[in-house]
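This report goes through helix packing, the nonpolar core and a few individual residues. The sequence and structure are shown first.

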Amino acid sequence: CYDLSPRKQIIWPVLAAITVIAGGIGIESLTNPAGGQWFLDQVDITIFWFGGLPYKITLLTDLFTLLWLLGVIYATKFFDGLDGLVSGITVIGSLVVFLTSLSPKIGQPETAFIALLVAACFAGFLVFNFHPASIFLGESGSTLAGFLLGTLAIISESKVVTTLVVMSLPILDLIWVILRRLMFERKPLSVGDKKHIHHRLLASGLSQRAAALVLYAWAAVCGVFAFIYQGSSQWYVFSVAAVLVFLFGYFLVRQARVKQL
């Protein structure tokens, strides 16, 4: 067992993401909010030839896939602050991918089966991980959750925006943590704190169970809307979710300040 520093820990998520990319899995297009698609597979760079076949880097596709996977991996890693929180969010996200993959528009029963397996595994873990937890995800478990969700989003007809909506809270929390620590507090990302949204919920007086259930409910509602409003409409759903998360976070921060007075 090795106690790696945060700078060394990032090596393994990067290698995992590169393995996915090297296997030919990538985000080739994104739904344009104005209609149509943004295509990311327009720039190819041939690295070498082997057996008469070219081995290429699809620049924008591979770069966006790397950023996407790292983003979801670290979103679940940073969000793992309550018993059962990441496990439950992963179950909800996997079930949304499962239902989306079975929809007539997508029609991917194989991907749906994989998503259901992921949901079942984390649901079984959640039985013992919900508060008071007797087992824990740890660093490897929380990052694995993000890796599986991110990869499922890609292979299920690039349902990245669907997963983005379901994971809106962890992802927006991650973005806020990065901006807050680097721009406002001027401290490294490796320094933890108690200012995540789940910590704010605890500070507002909710129990661990109640806070986790509130966040489950948010992910489930977002998942329902992501499933109903597919295509470019999902960007509007995410925009509404982002605004609501901002207002909710502002309310929690203001409530905490009032308590301190």
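## Packing of H4 and H5

Helix H4 (residues 85-102) packs with H5 at an angle of about 160°, and their axes are 8 Å apart. The model is a predicted one. An angle over 145 degrees counts as roughly antiparallel, so H4 and H5 are roughly antiparallel to each other. The crossing in which H4 passes H5 is left-handed.

On the H4 side, the residues that meet H5 are Ser87, Gly88, Thr90, Val91, Ser94, Leu95, Val97, Phe98, Ser101 and Leu102. Their counterparts in H5 are Pro109, Thr111, Ala112, Ala115, Leu116, Val118, Ala119, Phe122, Ala123, Phe125, Leu126 and Asn129. By residue class, the contact of H4 with H5 has 15 nonpolar, seven polar and no charged residues.

## Packing of H5 and H6

Helix H5 (residues 109-129) also packs with helix H6 (residues 138-155), at an angle of about 165° and with the axes 10 Å apart. That angle makes H5 roughly antiparallel to H6. H5 passes H6 in a left-handed crossing.

Which residues of H5 meet H6? They are Thr111, Ile114, Ala115, Val118 and Phe122, and in H6 they face Ala145, Leu148, Leu152 and Ile155. The contact of H5 with H6 is made up of eight nonpolar residues, one polar residue and no charged ones. Thr111, Ala115, Val118 and Phe122 are listed in the contact of H5 with H6 and also in that of H4 with H5.

The loop between H5 and H6 contains Pro132. The peptide bond from His131 to Pro132 is cis, with omega near -5°. As a general rule, most peptide bonds are trans.

## Packing of H3 and H8

Helix H3 (residues 59-79) and helix H8 (residues 168-184) cross at roughly 85°, and their axes come within 8 Å. Angles of 65 to 115 degrees count as roughly perpendicular, which is why H3 is described as roughly perpendicular to H8.

In H3 the contact involves Trp68, Gly71, Tyr74, Ala75, Phe78 and Phe79. These meet Leu169, Pro170, Ile171, Asp173, Leu174, Val177 and Arg181 in H8. Ten of the residues in the contact of H3 with H8 are nonpolar, one is polar and two are charged.

## The nonpolar core

The largest nonpolar core has 59 residues. Within this core, the residues with the most contacts are Ile27, Trp68, Phe79, Leu85, Ile89 and Tyr216. In soluble globular proteins, nonpolar side chains tend to be buried together.

Trp68 lies in helix H3. Is Trp68 buried or exposed? Its relative accessible area is 9%, and the limit for a buried residue is under 20%, so Trp68 is buried. Apart from neighbours within four places in sequence, Trp68 is in contact with Ile27, Gly150, Ala153, Ile154, Val160, Thr163, Leu164 and Ile171. Between the C-alpha atoms of Trp68 and Ser94 the separation is 17 Å, for residues 26 apart along the chain. Leu85, with neighbours within four places in sequence left aside, is in contact with Phe79, His198, Ala212, Leu215 and Tyr216.

## Other residues

His199 is part of helix H9 (residues 197-203). With a relative accessible area of 12%, His199 is buried. Leaving out neighbours within four places in sequence, the contacts of His199 are Gly81, Asp193 and Lys194.

Gly26 sits in the loop between helix H2 (11-22) and strand E1 (29-31). Gly26 counts as buried, at 16% relative accessibility. Gly26 and Leu179 are 153 residues apart along the chain, and 27 Å separates their C-alpha atoms.

Tyr55 belongs to strand E4 (residues 53-58). The relative accessible area of Tyr55 is 37%, so Tyr55 is partly exposed. Not counting residues up to four places away in sequence, Tyr55 touches Ile45, Thr46, Ile47, Phe48 and Phe50.

Note on methods
Residues are numbered from 1 along each chain as its sequence is written. This is a predicted model: local features need pLDDT of at least 70, side-chain atom pairs count only at pLDDT 80 or more; totals for chains, interfaces and linings use all residues. Side-chain values use heavy atoms; hydrogens and water are left out. Helices (H or I, at least four residues) and strands (E, at least two) are DSSP runs, numbered from the N terminus. Buried means under 20% relative accessible area, exposed over 50%, partly exposed in between (1.4 Å probe, protein chains only). Contact means heavy atoms within 4.5 Å. Axes are lines fitted to C-alpha atoms, for helices over the stretch in contact, and angles run from 0 to 180 degrees between N-to-C directions. Angles under 35 degrees count as roughly parallel, over 145 as roughly antiparallel, 65 to 115 as roughly perpendicular and the rest as oblique. A crossing is left-handed if the near helix is turned anticlockwise from the far one by less than a right angle, and right-handed if clockwise. Ala, Val, Leu, Ile, Met, Phe, Trp, Tyr, Cys and Pro count as nonpolar, Asp, Glu, Lys and Arg as charged, and the others, Gly among them, as polar. A nonpolar core is a set of buried Ala, Val, Leu, Ile, Met, Phe, Trp, Tyr and Cys residues joined through side-chain atoms within 4.5 Å.
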